[in-house]
Amino acid sequence: MNFEQARSNMVLNQLRANRIRDLDLIEKIEDFPRENLFPKDLKHLAYSDQIIELDEGRFILPPLTSSHLVQCLDLTKDDKVLEIGSGIGTITSIINQYTNSIDCIESSEVMIDIFKKSLSENLFQANLLKTTIESFFSNKNPNISKYNKIVINGSLDVEPSQIIKKASENATIVCVLDNPEIKHKIVKYVKVDNNCNRFVVEEAL
């Protein structure tokens, strides 16, 4: 399989055609060999526009959804990022091209093994925290004040109110919401003066 051609087609037909307007982000994605993050039996799906279903109810988001989440973060080199549900590192690898300060949370042992392999191969740099997604969300007082950008790599059926409440001033939180009010949309929250502004940004594929 010609992965360079697949990547170029993905950028043209998925990203540019669907409101990924950040040219710097597009360039970073176009230059990064996303297929190297995937285990051998899944490499051919690296640029698929479909959700990749895995065991334990986990999945890998398609490039377009991942790109919208990253675009919403408005990343800079000084950002301190928390990624919840880092999976195999498809979003981590792009965030790392902006900042080296990334803490990640993952539960799936299969995904963690793949993630650690990519770390060992220097595909990206990040710090994998010693906690699970479930433990993080059940914590009534998560210690997240050090982060100014938080991305939840997955779909929620309720708003992340506890994260919003405990987030630092001027923090940005990005996630996918899928509930009766907001059906499968990418949502961005910006905390200002202890209030939170909510922006429904984009349809999540």
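The largest nonpolar core in this predicted model has 42 residues. Phe 38, Leu 69, Val 70 and Ile 95 have the most contacts inside this core. A nonpolar core is a set of buried Ala, Val, Leu, Ile, Met, Phe, Trp, Tyr and Cys residues joined through side-chain atoms within 4.5 Å. Buried means under 20% relative accessible area, exposed means over 50%, and partly exposed lies in between (1.4 Å probe, protein chains only). In soluble globular proteins, nonpolar side chains tend to be buried together.

Residues are numbered from 1 along each chain as its sequence is written. Because the model is predicted, local features need pLDDT of at least 70 and side-chain atom pairs count only at pLDDT 80 or more, while totals for chains, interfaces and linings use all residues; side-chain values use heavy atoms, with hydrogens and water left out.

**Nonpolar cores**

- Helices (H or I, at least four residues) and strands (E, at least two) are DSSP runs, numbered from the N terminus.
- H3 supplies the largest share of this core, with five residues.
- A second, separate core has 20 residues, among them Ile 164, Cys 175, Ile 182 and Val 187.
- Beyond its neighbours within four places in sequence, Leu 69 is in contact (heavy atoms within 4.5 Å) with Leu 61, Ile 91, Val 151, Ile 152, Val 174, Cys 175, Val 176 and Ile 186.

**The cavity**

- Rolling a probe the size of a water molecule over the atoms shows where empty space is left.
- The search uses a 1 Å grid over the protein atoms alone. A cavity is a set of points where a 1.4 Å probe fits but cannot get out. A pocket is an open set with protein on both sides within 12 Å along at least five of seven lines. Lining residues have an atom within 4 Å of a point.
- Grid points are joined across faces, edges and corners, and a volume is the space filled by probe spheres set on the points.
- The structure holds one cavity of 30 Å³ or more. The largest cavity contains about 130 Å³ of space.
- Its lining has 14 residues. Ile 29, Arg 34, Ser 67, Thr 90 and Ile 94 lie nearest the centre.
- Helix H2 (23–31), helix H3 (63–73) and helix H4 (92–95) each give two or more residues to this lining. H3 gives the most, with four residues.
- The cavity lining has nine nonpolar, four polar and one charged residues. Here Ala, Val, Leu, Ile, Met, Phe, Trp, Tyr, Cys and Pro count as nonpolar, Asp, Glu, Lys and Arg as charged, and the others, Gly among them, as polar.

**The largest pocket**

- The largest pocket holds about 290 Å³ of space.
- It is lined by 20 residues, and Arg 58, Phe 59, Asn 153, Gly 154 and Ser 155 are the closest to its centre.
- Strand S2 (59–60), helix H6 (133–138) and strand S6 (149–156) each supply at least two lining residues. S6 gives the most, with five residues.
- By class, this lining has 10 nonpolar, eight polar and two charged residues.

**The second largest pocket**

- The second largest pocket has a volume of about 150 Å³.
- Its lining includes Phe 136, Phe 137, Leu 156, Asp 157, Val 158 and Gln 162.
- H6 and helix H7 (161–166) each give two or more residues to this lining. H7 gives the most, with three residues.
- This lining has seven nonpolar, three polar and two charged residues.

**Asn 179**

- Asn 179 is found in the loop between strand S7 (172–177) and strand S8 (185–192).
- Asn 179 counts as buried because its relative accessibility is 13%.
- A polar atom of the Asn 179 side chain lies 3.4 Å from the backbone oxygen of Asp 157.
- A polar atom of that side chain also lies 3.0 Å from the backbone nitrogen of Glu 181.
- Leaving aside neighbours within four places in sequence, Asn 179 is in contact with Asp 157 and Val 158.

**Positive phi values**

- His 184 has a positive phi of about 50°, although it is not a glycine. His 184 also lies in the loop between S7 and S8.
- With a relative accessible area of 23%, His 184 is partly exposed.
- Asn 194, another residue other than glycine, has a positive phi near 65°. Asn 194 sits in the loop between S8 and strand S9 (195–203).
- Asn 194 has 61% relative accessibility, so it counts as exposed.

Methods
A polar contact is a pair of N or O atoms within 3.5 Å; within protein, one must be able to donate a hydrogen and the other to accept it, and residues adjacent in sequence count only if both atoms are side-chain atoms.
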